[in-house]
Amino acid sequence: MNGAIVRLTLRQVRRSAIVVVVVTGGMTALVAGTYRSVVTGPPERAQLAAIAGNRAIRTLFGTPSGLGDPGGFTVWRTGTVLALILGGWGVLVMTRISRGEEQSGRWDLLLSGRTTVSGVLGRQVAVLLTVMAAVWVVVAAGLLTAGVRGAALHATGLALVGAAGVATAAGTAQLFASRAAATGVAAGLLGVGLLLRMVADGFAGLAWLRWLTPLGLVELSEPFGPGRWLPLLTLAVADATLIVLAGRAARGRDVRGARLGGPGRRRPSYALLGSPAAFALRRARLPIVAWSLGMGAFYLLIGLVAGSVTDLLRDNPRLAELAEQGGATGLGTPAGYAATLFVLLTMPAGGFVASRLAAFIGDEVAGRHALACAGPVPRWRWLGAEMLAAGTGALVLALVAAVALWAGGSRLGPAAALAGAANVLPVVALSLGAAVLAVGVAPRAVALLGAIPTIGGFLLVTLGEAVRMPGRLLTLSPYTHLAPVPARSPDLPAAAVMIAFAVLACTAGTVAYRRRDLGG
Amino acid sequence: MTSTAIRTEHLTKHYGSLVALDDLDLEVRPGEVFGFLGPNGAGKSTTIRLLLGQARPTAGRATIFGAEASDVARAHQFLAYVPADVSLWPFLTGAETLELLANLGPGVDPAYRAELIDRFALDLDRPARTYSTGNRQKVALVAAFATRAPLLILDEPASGLDPLMEREFRRAVTEARDRGQAVFLSSHQLDEVEAVCDRVAILRAGRLLEVATVAELRHLHRTAGTGPAGRELSLEEIFLGYYGKPAR
């Protein structure tokens, strides 16, 4: 029986677990292995140090430590991204296999055996922690030549951030009766963790905040600097405490019940129930508000520290020269810095549209479309409504990002900020196109395929820049074709091509969806 | 709009090598309650999915009052549907769900809906995730009956209802028939079928075995000599006879 639950969990997570382990291990090994060909001499090293040490860049990537050697460079370059991927994966998978399965009613059957809620939860957490152990092995292996102690520290830090995602989600899955709420709150906590770390790195007086967040604790360990185990021990204790608390909360509660929010009667609200489009907006409004709050806080913070980039150039004329000739260091001007930051916007916005279409398929799998599609509303209108809601959400996120960056005092006019945010929307449209195509032809892979243009494309260029990948490979990523707006004028032909691809994918997906059988 | 509620011609559905439905010819007329019987896996739900345009036929066609089943915008003007396993949006209350379904459906008779809510003793102020199977079914039944659509497609609609609600359900079906609506009722509850259906179709392994009135079926089987002498056969005995199992 116990082995059966472990095997079931493995089946449920193995595919994405393999992707996560390969991506973390692969990126770490590649960046570390090609350091010497990228940072060739003392001038490059000095330039890198000046950029990485700047307040605005520090806020984004964390305070660098040991940047002069391959290990420190890899930690600085990949650490934050990989930590977020691991933490995010931990949250999404944990709530999917626990609260998601429970909400669907499948746990009624599972728990009619001798197993308890906490019993299942414990085994699931154990399986996910084993995945984190695998992450530890591949990350440590990738950094081994850079130094054994540093490799061990960095691998431990990353695995512990992943475990923090798992532990937090295990807890929220006990608190909330719906998977969406459990996922949203856990992901929100992860986001708050990131913001705290950013504030700690951006404002000298608040450096102590690092002790309160997983990403900050990992940074404090400075794997290729002095190397400290105490922050990681703190994180390990916090993870363990959360897991124990989640287990406690799971014990003695009803199956399908939750610690917060009971059955509760309420008065009806008839707003946004009049059409498929209105209803799609009704279902998307809470996620849009939540994502907007996160985006707003992130870009406001970035805006607050952005001014230091200009100061950096004033204090360092040599760097300003380099920035101007190279173009590669577009981070050197407020406009270039803003352009780089708006590129980051594509990932939450792309993730948002993919998650909306994934929720659409979730409704179909749960059988809700059987009832909805019995009315005289053609199926393509339901899908169109969902695309509309997802697109509206992406626009709102872009608007919020632009306004927040401008309001933060980034020395950027509102028009420039809006142009920068609008410039990256074609990439988000590609994610929407991929997700809609998946709705038609591969409904089980909507989230994965929807994430490929934005998250996959971003990983490709990040890796490509770090290891000097051949140009042909890089053209596959939409980011290669994105002009740094507002620093330069937008690449309109490239944007038109991206939008054309997105429209084509949306059309093909809609046609395929109309023709295929409805699931559920 | 023709006078035939449902017409299928050579309707066939394959899932890979599995033949879920094979060459089904059927006609359901307005003002009749049509029972659709068959063991699990016989192709009943597949037929309903094809009638609703939610699955595409491998061969053949189905029309709803003359409109192609795949032309949802037209065909669904004439019908309302209750699925076997009713799945509602967990965060919408019963009242909100009924409002949504009314807005997206072929129209609604608010007075009749209010009456049905009362008769089915529906608590509308709770979110759907707190509803039991029977309550979810009641929401879907009220939504469907309240449309007064000329065709009602009901897939095992009363399986989660208690005897009191089951009685209300039968009453609502009879009222619908008396108003001239056609009711397509897929069910395992043979006493229910016997009580409300005018004609029944019996399906086995994707093939139609028989379409007849309950009285005709009785007659057919008495002359075939399968029933005990001197007693009228129940539908259950007839049904089991079709599958080669002796009646209890």
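Helices are DSSP runs of H or I with at least four residues, numbered from the N terminus. The exercises below use a predicted model.

**Exercise 1.** State which helix of chain A holds A:Thr510, and decide whether A:Thr510 is buried or exposed.

*Solution.*
Step 1. A:Thr510 belongs to helix H21 of chain A, which covers residues 492-515.
Step 2. A residue is buried when its relative accessible area is under 20%.
Step 3. The relative accessibility of A:Thr510 is 16%, so A:Thr510 counts as buried.
Step 4. When neighbours within four places in sequence are left aside, the contacts of A:Thr510 are A:Trp380, A:Leu383, A:Met387 and A:Val436.

**Exercise 2.** Describe the secondary structure of chain A and judge how compact the chain is.

*Solution.*
Step 1. Chain A has 21 helices and 0 strands.
Step 2. For 520 residues the globule rule gives 24 Å, and the radius of gyration of chain A is 23 Å, close to that value, so chain A is as compact as a globular protein of that length.
Step 3. Along the principal axes, the C-alpha atoms fill a box of roughly 65 × 50 × 40 Å.
Step 4. Of the 520 residues in chain A, 53% are buried.
Step 5. Of the contacts between residues at least 6 apart in sequence, 75% join residues at least 24 apart.

**Exercise 3.** Describe the surface and the charges of chain A.

*Solution.*
Step 1. The accessible surface of chain A is about 21,700 Å², and carbon and sulfur atoms account for 69% of that surface.
Step 2. The chain carries 44 positive and 20 negative side chains.
Step 3. The centres of these two sets are 10 Å apart.

Technical notes: Residues numbered from 1 in each chain as written. Chains lettered and ligands numbered in written order. Predicted model: local features only at pLDDT ≥ 70, side-chain atom pairs only at ≥ 80, totals over all residues. Heavy atoms only, no water. Helix = DSSP H or I, 4+ residues; strand = E, 2+ residues; numbered from the N terminus. Rg over C-alpha atoms; globule rule 2.2 N^0.38 Å. Buried < 20%, exposed > 50% of the residue type's maximum accessible area, 1.4 Å probe, protein only. Contact = heavy atoms within 4.5 Å. Areas by Shrake-Rupley, 256 points an atom, 1.4 Å probe, with all protein chains shown as cover. Lys, Arg positive; Asp, Glu negative; His and termini not counted. Charge placed at Lys NZ, Arg CZ, Asp CG, Glu CD.
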